[in-house]
Amino acid sequence: VNEIAFSGYPVTDLARSRQFYEGVLGLKPSLVSENTAWVEYEVGGSTFGIGSYPEWKLSPDGPIVAFEVDDFDKTNADLKKAGAVFTMEPTETPVCHIAIIRDPDDNAVMIHKRKPGHA
């Protein structure tokens with residue numbers, strides 16, 4: 001293995017999920033598949049996707065995606081104002097600041113900000 005090609009989450013309602021990822025988190029779609037229920041977002045040097053397929057099952061206990069942000073406090077304030085559901089309030093660790101919110105299908109989404117000197 002030499003790289004992660006993309007990461008993605010299963011969703012049940014693509015339009016509702018797009019509203020969350022684009023409207024609340026501010027991601028811009030880089031690919032919207034016209035014949036399948038799949039949308040991709042370029043985030044830094046990676047790709048994050050959402051898709052609605054019967055064989056792709058939801059699991060609120062599944063993996064987590066961590067989105068690095070420039071301004072941790074402002075991002076969390078904006079998310080609270082938008083009504084995002086926090087399952088972990090903003091927390092400081094020795095190397096970063098983190099918070100966890102849930103998307104409309106209960107997938108965990110981490111908001112992350114590295115401290116200076118930590119890659």
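Two strands are taken as paired if DSSP finds at least two bridges between them. The legends below describe a predicted model.

**View 1. The open sheet of 4 strands.** The strands follow the order β1-β4-β3-β2, and their pairing is mixed. The edges are held by β1 (7–10) and β2 (29–32); each has a single partner strand, so one side of each is left without a neighbour in the sheet. On average, neighbouring strands of this sheet are turned by 20° against each other, direction ignored.

**View 2. Helix α1 on the sheet.** Residues 14–24 form helix α1, which packs on the sheet and touches β1, β2, β3 (38–43) and β4. The direction of helix α1 makes about 10° with that of β3.

**View 3. Pairing of β1 with β4.** Strand β4 (residues 46–51) pairs with β1 in the parallel sense, over 4 bridges. Within this pair of strands, P10 stands opposite G51 in β4. Strands of a sheet pair through backbone hydrogen bonds, either parallel or antiparallel.

View 4. The loop between β7 (96–102) and β8 (108–114) contains N107. Buried means under 20% relative accessible area; N107, at 4% relative accessibility, therefore counts as buried. Leaving aside residues up to four places away in sequence, N107 touches Y9, P10, L58, S59, I101 and R102.

**View 5. The polar contact between P10 and N107.** A polar atom of the N107 side chain lies 3.1 Å from the backbone oxygen of P10. P10 is also the residue that stands opposite G51 in β4, and P10 is among the residues touched by N107.

Key: Residues numbered from 1 in each chain as written. Predicted model: local features only at pLDDT ≥ 70, side-chain atom pairs only at ≥ 80, totals over all residues. Heavy atoms only, no water. Helix = DSSP H or I, 4+ residues; strand = E, 2+ residues; numbered from the N terminus. Axes fitted to C-alpha atoms, helices over the stretch in contact; angles between N-to-C directions. Contact = heavy atoms within 4.5 Å. Buried < 20%, exposed > 50% of the residue type's maximum accessible area, 1.4 Å probe, protein only. Polar contact = N/O pair within 3.5 Å; in protein donor to acceptor, adjacent residues only side chain to side chain.
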